[in-house]
Structure formats: C-alpha cells, structure tokens
Amino acid sequence: MQERRIYLLRHGKIVMEKQERCYIGHIDIPLAAEGVRQAQLLQAEFARQELTAVFCSDLIRSVDTARIITEQLHIKLTSKRELREISMGDWEGKTFREIAAAYPAEYAKRGNNIANYRIPGAESFAECQSRILAAFTEIVNTTQGNILIVGHAGSNRLLLCHLLGMPLENLFRITQDYGCTNILAGDSGNYRVKLLNGLPGTRMYSAN
C-alpha cells in the first residue's frame with residue numbers, strides 16, 4: 001500500500017519595500033513577480049501529482065500561491081486562519097536593525113529565549129507551534145490521500161521541528177526558501193520528512 005504524502009510548501013517571494021530583513025508575520029503582503037513565477041513552476045510540478053485537497057493560510061501571499069498552483073487541478077482550495085505565520089505584534093514590518101535600536105532590552109531577551117519570549121502584542125514561537133500543530137492535526141485527520149498545504153517560513157519550521165524531534169531553539173537551522181516544498185510521508189499521525197526545502201523547477205518532488 002502506497003503511503004500518504006503531505007506536501008508542505010512555503011509561499012512564493014513577496015514584495016519587499018525595505019532592502020533589509022524585516023519582521024513579517026500577519027502583515028498581508030502580495031507576491032512579487034518572482035513569487036508568481038515560482039508558483040507557476042509549482043503548478044507545473046503538481047500537475048503530475050495526485051492530490052485530494054489543498055489548504056493554505058488566509059494571508060494573500062499564501063492564498064495566491066495556492067490559487068496559482070491549483071488553477072488547472074479542479075481541486076477546492078481551503079484557506080485557514082490557523083495556518084498563518086507567527087504574529088510579530090508591535091514589531092511587524094520593522095527591520096531587525098530598527099528593533100534592536102528601539103527595543104534593545106526586548107531584542108536581547110528574545111534572543112536569549114527564542115522559543116518562549118512573546119513580543120508585545122504577538123505570540124511566542126511555542127504558542128505558534130501549538131496553533132500550527134492543532135491545525136495540521138485537524139487537516140490530516142479529516143482528509144485522505146495526498147494533500148498540499150501552503151504555509152510560511154516560520155510556521156513550516158515549527159511543524160518540521162515537531163516532526164524531526166528538534167527543540168524550538170534550533171528552528172532557524174531549517175532552511176525554508178521562497179516557494180520551497182517539503183514532503184512528509186506516512187499516516188496515522190506518524191509522518192517522516194522525506195524532502196526538505198526542495199526548490200521549484202528542480203524536479204525533486206518524486207523523492208523516495
């Protein structure tokens with residue numbers, strides 16, 4: 001019997017007004033032209049896969065990536081708020097440099113307790129992981145066959161940490177490039193990571 005596959009994707013590249021790295025969580029930022037191209041490459045890849053359902057977060061970058069992928073698949077697209085990226089609260093949209101200058105004490109505290117520190121008005125990585133795991137469990141328990149989930153870099157890392165048995169302190173050791181695919185295989189709550197950070201157009205989605 002062929003084992004079930006869950007394709008966990010990160011959305012395509014987004015429009016960035018600032019050249020420096022920013023804290024982006026619940027800000028609704030659209031795909032850049034390169035992000036659209038990445039989604040189109042994914043569309044070609046997944047046209048060859050047998051999918052029964054597609055899910056995404058309700059943020060536009062995730063919705064549009066999933067919509068482009070499924071345009072020709074005739075599969076219902078379901079968006080779920082619970083699949084959103086981690087909330088960055090008062091730090092949303094600000095650069096790392098701006099935050100370090102404006103909130104030096106808080107910035108240092110977060111660096112020393114990356115798993116549990118909660119930015120004002122936000123959620124901690126531990127809290128976000130609980131949210132993502134609950135959404136993932138509900139999705140896989142109410143579907144059958146191979147499914148696709150379009151998430152975000154942070155939320156994907158949190159799920160992958162859980163599946164790999166990694167402590168949250170190590171979440172940034174997992175690379176999640178724009179438009180990447182991770183393949184989870186198994187069933188009944190037991191999933192293995194068969195592909196990590198596969199990039200669009202590399203034809204890695206048939207990983208054994």
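## Close-up views of a predicted model

View 1. From the first C-alpha to the last, α6 reaches 16 Å, which is close to the 16 Å expected at 1.5 Å a residue. Gly165 follows α6 and has a positive phi, near 70°.

**View 2. The largest nonpolar core.** This core has 34 residues, and those touching the most other members are Ile6, Phe55, Phe136, Ile147 and Ile149. Two or more residues each come from β1 (4-10), β2 (53-57), α5, β4 (147-151) and α6 (153-164). Helix α5 gives the most, with eight residues. A further core of 15 residues lies apart from this one and includes Leu51, Val150, Ile183 and Leu195.

**View 3. The contacts of Ile147.** Ile147 is one of the residues that touch the most other members of the largest nonpolar core. With neighbours within four places in sequence left aside, Ile147 is in contact with Arg4, Arg5, Ile6, Tyr7, Leu51, Thr52, Ala53, Phe55, Ile139 and Val140. Among these partners, Ile6 and Phe55 are also listed with Ile147 as core members that touch the most others.

**View 4. Glu123 in a loop.** Glu123 sits in the loop between α4 (104-112) and α5. Its relative accessibility is 15%, so Glu123 counts as buried, the limit being under 20%. A salt bridge joins the side chains of Glu123 and Arg131, with N and O 2.5 Å apart. A polar atom of the Glu123 side chain also lies 3.0 Å from the backbone nitrogen of Ser87.

**View 5. The salt bridge of Glu138 and Lys80.** The side chains of Glu138 and Lys80 form a salt bridge, at 3.5 Å from N to O. This pair links distant parts of the chain, with Glu138 in helix α5 (residues 125-141) and Lys80 in strand β3 (residues 77-80), 58 residues apart. Glu138 has a relative accessibility of 38% and is therefore partly exposed. Lys80, at 18%, counts as buried.

**View 6. The salt bridge of Glu45 and Arg48.** The closest N and O atoms of Glu45 and Arg48 are 2.9 Å apart, and the two residues form a salt bridge. Glu45 is buried, with a relative accessible area of 6%. Arg48 is partly exposed, with a relative accessible area of 47%. The structure as a whole holds 11 salt bridges.

Terms used
Residues numbered from 1 in each chain as written. Predicted model: local features only at pLDDT ≥ 70, side-chain atom pairs only at ≥ 80, totals over all residues. Heavy atoms only, no water. Salt bridge = Lys/Arg side-chain N within 4 Å of Asp/Glu carboxyl O. Buried < 20%, exposed > 50% of the residue type's maximum accessible area, 1.4 Å probe, protein only. Helix = DSSP H or I, 4+ residues; strand = E, 2+ residues; numbered from the N terminus. Polar contact = N/O pair within 3.5 Å; in protein donor to acceptor, adjacent residues only side chain to side chain. Core = buried A, V, L, I, M, F, W, Y, C linked by side-chain atoms within 4.5 Å. Contact = heavy atoms within 4.5 Å. Expected span 1.5 Å × (residues − 1).
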